[in-house]
Protein chains: 2
Amino acid sequence: MSSLPETSVPTALDLTLDGGALTARLVDFPSVSGDEQALADAVEAALRELPHLTVDRYGNNVVARTHLGRAERVLLAGHLDTVPIADNVPSRLDGDLLWGCGTADMKSGVAVQLRLAATLPAPNRDLTFVFYDCEEVDAVRNGLGHLVAQHPDWLAADFAVLMEPSGAMVEGGCQGSLRARITLTGVRAHSARSWHGDNAIHHAAEVLGRLAGYQARRVDIDGLEYREGLNAVGISGGVAGNVIPDECVVTVNFRYAPDRTVDQAEAHLREVFAGFELELVDISPAALPGLSQPAAQAFLAATGGEARAKFGWTDVARFSALGVPAVNYGPGDPNLAHKRDEHVSLAAIADVERKLRSWLGGAE
Amino acid sequence: MSSLPETSVPTALDLTLDGGALTARLVDFPSVSGDEQALADAVEAALRELPHLTVDRYGNNVVARTHLGRAERVLLAGHLDTVPIADNVPSRLDGDLLWGCGTADMKSGVAVQLRLAATLPAPNRDLTFVFYDCEEVDAVRNGLGHLVAQHPDWLAADFAVLMEPSGAMVEGGCQGSLRARITLTGVRAHSARSWHGDNAIHHAAEVLGRLAGYQARRVDIDGLEYREGLNAVGISGGVAGNVIPDECVVTVNFRYAPDRTVDQAEAHLREVFAGFELELVDISPAALPGLSQPAAQAFLAATGGEARAKFGWTDVARFSALGVPAVNYGPGDPNLAHKRDEHVSLAAIADVERKLRSWLGGAE
């Protein structure tokens, strides 16, 4: 009977490590979407050691909270999963840069959450720390979505910070996204006798013309400029090289600013394409930045006072749907997410941790 | 040792049968494209029995000619192959209708050729009978094309009749066909930041607009009206639902009247799409009807004096390329070609044979 082989994969987290070292330990826990259990177990175990927090768990989602009766509650959220590993685990440190899968997206953000959870027993605002699974895969599997559906009370807060990589810039809210299919129809015929048919692709001329001529709106919300866009992201039609096609499908994507609700965005889309058959195939609500909230103002001041609009859709919209204003703020560079050469700066991790600690009343 | 099973597939052709019975025998010789050898052997053997004809063979293509020193030579051509059998062989006779694969397209036409070859030892015009393979498949395999390339002298004539199914109507010449790809390019970007990209699909708006607004020409040639058409037959573009696409390809098909050469047709296409990148992917020349030729005038008179333009591309264009005016004229209904319920009327076979015999100076 042989003994089990030694493994280099960690099984526990030491929250006394600094943010960079803790990020390295988190990266060395493989946690590709769907395989987060070991990491969720370790996070839960480490948090349960902290007497100032209550800890709840649902699936591989862990929520830890203070209950100090403060006037405000703020929430810090991060996902535990990564995209598939690409020969870039375990992590590797080179000077100020830590390389590896998840260093930017977003185990450095999770490390900052864990550091703040461990070192702020008496913050000036009540704190909620959310760690969730399956952010990098289909929306139906998203752990934060499951918490919203099953335990919305765990997520109650006045303001939320999603610690997705933002290059340590505050990115407010996010734009919404609608995808719709416009189907043009006609009558099939042999192309040698095209007058017997009605060309569905030709009918798409008007749809593409409206898209080409569309003037996208720019709008200021809480001092951030949101810039919309309406685009064809796909077109297909054709039966054979000698057939007048009877169908052509144009898929459009409308990215809209967070001053529109989903219904208003849909109404606008239907107005632009009046006269055409339009079917919504994907609906993602926008999220308001909420930067006029007092907690947000203090947060902005602590992080340097600058914010920009977030264009890509993120889970901040899930908080927005609960009535919780939310921003993206994390140490990683968003452009490195999902890349083989993903890395993060130790200085950025330390800087983000210091600013958040300052905002929450801790010593810098 | 058992004897070989009896087979119902014929191995020889009896040219004393009437046109309908001979069509049935031809249908009962399976000769799907690529598998014409047995039928070509039988056709060659039957023709070699006729002392007034010389017979040449190249591959599974058989050419038989009279050499009477007449002022004119006319050519009657037909293909030996069929599309794949669809449970419709052997042939089945029901009243006036003979059912089966190839009855219309075009073993009834071949039967008429063979009947005329066998029964017109002294026609008023020299005759050339051409039987060829692989008409129903890729143009590079077409037996008539191989004869044009290898033995153009065998095809010398003043006028040609291609006995493809035409509903016993004379169909003059054929339209040409050009297929071209128009590629629109742009710059890829995330659709959340669409202003960083340049949408290639939107650029197709102008191309489709020109197609939708195109006024197709109608032109009279030798009393036949040809009607052109310019159509998109395919369009495709798109990378993913959240990406501004950097390429969109529109495939267009221009069916043009035989008063345009290939070069003129291409020049017209480039003029219509001036400003766009256009790549020709398929080129088929048109064929002039040549109905002003003396042999054609006599032919028209013998067949009833009526003709219509041929819109679909046929092998008559191969004769036209050799300088031989050509028409389509055969007993089958072209709309039944390639169908499971393909059939032909015995009366139509007899009628076409009688009219051609009259034109060629035989007794009706």
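**Reading the interface and a buried glutamate**

Mentor: We begin with the interface, bearing in mind that the model is predicted. In it, 41 residues of chain B are in contact with 41 residues of chain A.

Trainee: How much area do chain B and chain A bury between them?

Mentor: The two chains bury about 2,900 Å² between them, with 60% of it on carbon and sulfur atoms. Trp195(B), His202(B) and Ile235(B) supply 21% of the area that chain B buries against chain A, more than any other three residues.

Trainee: How many salt bridges and how many polar contacts cross the interface of chain B and chain A?

Mentor: The rule finds zero salt bridges there, whereas 16 residue pairs are in polar contact.

Trainee: Which element gives the largest share of the side of chain B that touches chain A?

Mentor: Strand S13 (229-237) of chain B is one of the elements that supply at least two residues each, and S13(B) gives the largest share, nine residues. By class, this side of chain B has 19 nonpolar, 17 polar and five charged residues.

Trainee: Let us turn to the charge. Where is Glu164(B) found?

Mentor: Glu164(B) lies in the loop between strand S7 (159-162) and strand S8 (170-172) of chain B.

Trainee: What is the nearest side chain of opposite charge to Glu164(B)?

Mentor: A salt bridge requires a nitrogen-to-oxygen distance within 4 Å. For the buried Glu164(B), the nearest side chain of opposite charge, Lys310(B), is 7.1 Å away, and Glu164(B) has no salt bridge. The side chain of Glu164(B) does make a polar contact of 3.3 Å with that of His79(B). Residues that Glu164(B) touches include Asp105(B), Glu135(B) and Tyr329(B).

Conventions
Residues are numbered from 1 along each chain as its sequence is written. Chains are lettered from A and ligands numbered from 1 in the order in which they are written. This is a predicted model: local features need pLDDT of at least 70, side-chain atom pairs count only at pLDDT 80 or more; totals for chains, interfaces and linings use all residues. Side-chain values use heavy atoms; hydrogens and water are left out. Helices (H or I, at least four residues) and strands (E, at least two) are DSSP runs, numbered from the N terminus. Buried means under 20% relative accessible area, exposed over 50%, partly exposed in between (1.4 Å probe, protein chains only). Lys and Arg count as positive and Asp and Glu as negative; His and the chain ends are not counted. A polar contact is a pair of N or O atoms within 3.5 Å; within protein, one must be able to donate a hydrogen and the other to accept it, and residues adjacent in sequence count only if both atoms are side-chain atoms. Contact means heavy atoms within 4.5 Å. Buried area is the accessible area (1.4 Å probe) that two parts lose on being put together, summed over both. Ala, Val, Leu, Ile, Met, Phe, Trp, Tyr, Cys and Pro count as nonpolar, Asp, Glu, Lys and Arg as charged, and the others, Gly among them, as polar. Lists of a residue's contacts leave out its neighbours within four places in sequence.
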